[in-house]
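This report covers one model and its two ligands. Please read it beside the sequence and the coordinates.

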Amino acid sequence: MDLHAPVYVAGHRGLAGSAIWRRLEAAGYQHLIGASSSELDLRDRAATFAFLREHRPAVVIDAAARVGGILANRDHPTEFLSDNLRIQVNLMDAALEVRTPRLLFLGSSCIYPKYAEQPIRESSLLTGELEPTNDAYAIAKIAGIMQVQAVRRQYGLRWISAMPTNLYGPNDNFDPTSSHVLPALIRRFDEAHRDGAPEVVLWGSGTPRREFLHVDDLADACLHLLEHYDEPEPVNVGVGEDVTIRELAELVARVVGYSGAISNDLSKPDGTPRKLLDVSRLNALGWKPAIALEDGVAATYAWYQSHREQAS
Ligand SMILES: NC(=O)C1=CN([C@@H]2O[C@H](COP(=O)(O)OP(=O)(O)OC[C@H]3O[C@@H](n4cnc5c(N)ncnc54)[C@H](OP(=O)(O)O)[C@@H]3O)[C@@H](O)[C@H]2O)C=CC1
Ligand SMILES: C[C@H]1O[C@H](OP(=O)(O)OP(=O)(O)OC[C@H]2O[C@@H](n3cnc4c(=O)[nH]c(N)nc43)[C@H](O)[C@@H]2O)[C@@H](O)[C@@H](O)C1=O
């Protein structure tokens, strides 16, 4: 890709978008374009078209979305469906109008059936029922994949989709109710450690298995895909290994230095029992992650400690 080409990173202040922005800067990209949601609400179709007409990006990376953990998804399906459909349709329709030649759409591993064969291959898409706690969000993401494929087929633009596994890292959402499990546990174990609390409570049974990818690895994979991939099928982005939520909690406790008890709140949902991605397609393109889970959690905890006020 041309280092002087205008590259628009939608959602550049979020967990994934900010890491992608850092990665592009490090690679020498000179013309990065970003706008916060208060500057440009991508649900506003006219404003989105005006922005794309003004900037005419050569590359669009769609890391803008309404995102949240299992409870936020379960309790706000209307917004997760409606906001995400509008954000991605407006952005892609506007990018089509200005004939943006290259676009990367970020989906999510939750697009696959709840009981998909593990590890989950890209070909599992639409082969079974979705996990009910995030079906609305998943349907929006599946529509995004279809829009990328439709534009490729009808207009010949080189647009692609990537399906990341659960992400973590700096600039994550550490809110106790709306966040994903890893930032939630970093915050909860840190508070328990500092308060001398005897117990930390996990949501659910602790038995579900999840795969975690550091967001700097995700950003590297996104650049790699933009440089090396041009097919309609989505590409899974993960590490190919998973842990139970209980094992994750023990890891976070170790990193934080907490030695109290860990218990379970069985009134909270477990969600999908397992969500391990088959990453052979990405590996075959010559990409592998570099950050081991324990190192990534330690680095994220260090970041959290120096950003407690703004992250809380
Ligand atoms: N986090 C995860 O574990 C995973 C994330 N993904 C996907 O990666 C992408 C990025 O997620 P992540 O970085 O975690 O999410 P964040 O919530 O950290 O960031 C989302 C970004 O989207 C922007 N945004 C939200 N609504 C609007 C809007 N109406 N108009 C303009 N911008 C908007 C926000 O802008 P602002 O900050 O200015 O308000 C923010 O920068 C999403 O597509 C998500 O589905 C996929 C798998 C796992
Ligand atoms: C990325 C992905 O993220 C979501 O799916 P999820 O993987 O189920 O997400 P989660 O990180 O919230 O939970 C993982 C597991 O962890 C358990 N858990 C324990 N204790 C806490 C806790 O304190 N907070 C949270 N959030 N979960 C906890 C929790 O009960 C569950 O068993 C969807 O938004 C989906 O749409 C999506 O794309």
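Asparagine 171 sits in the loop between S6 and H6. Helices here are DSSP runs of H or I with at least four residues, strands are E runs of at least two, and both are numbered from the N terminus. This is a predicted model, in which local features need pLDDT of at least 70, side-chain atom pairs count only at pLDDT 80 or more, and totals for chains, interfaces and linings use all residues. Residues are numbered from 1 along each chain as its sequence is written, while chains are lettered from A and ligands numbered from 1 in the order in which they are written.

Asparagine 171 is not a glycine, yet its phi is positive, about 70 degrees. With 19 C-beta neighbours inside 10 Å, asparagine 171 counts as partly exposed. The classes rest on other C-beta atoms within 10 Å of a residue's own, placed from the backbone: 20 or more is buried, 12 or fewer is exposed, and in between is partly exposed. Arginine 56 also has a positive phi, of about 40 degrees, and is not a glycine. It lies in the loop between H2 and strand S3 (59–62). Arginine 56 is partly exposed, with 13 other C-beta atoms within 10 Å. The peptide bond from glutamine 118 to proline 119 is cis, with omega near -15 degrees. Proline 119 belongs to the loop between strand S4 (102–106) and helix H5 (135–155). Most residues other than glycine have a negative phi, and most peptide bonds are trans.

**Helix H2**

H2 spans residues 45–55, and its buried residues are Thr48, Phe51 and Leu52. Seen down the axis of H2, they fall within an arc of 95 degrees, so they line one face of the helix. The arc is taken over the directions from the helix axis to the C-beta atoms. Ala46, Arg53 and Glu54 are exposed on the face turned away from the buried side of H2. Helix H4 (77–97) is included in what covers the buried residues of H2.

**Ligand shells**

**Core and a buried lysine**

The largest nonpolar core has 88 residues, and Ile20, Ile61, Leu218 and Val252 have the most contacts inside it. Such a core joins buried Ala, Val, Leu, Ile, Met, Phe, Trp, Tyr and Cys residues through C-beta atoms within 7 Å. What does isoleucine 61 contact, leaving aside its neighbours within four places in sequence? Its partners are Val7, Val9, Ala10, Ile20, Leu104 and Cys222. Contact means C-beta atoms, placed from the backbone, within 7 Å.

Lysine 275 is in the loop between strand S12 (261–265) and helix H9 (280–284). With 24 C-beta neighbours inside 10 Å, lysine 275 counts as buried. Leaving aside neighbours within four places in sequence, lysine 275 contacts Ser109, Ile120, Arg210 and Glu211.

Definitions and conventions. Two residues are in contact if their C-beta atoms, placed from the backbone, lie within 7 Å.
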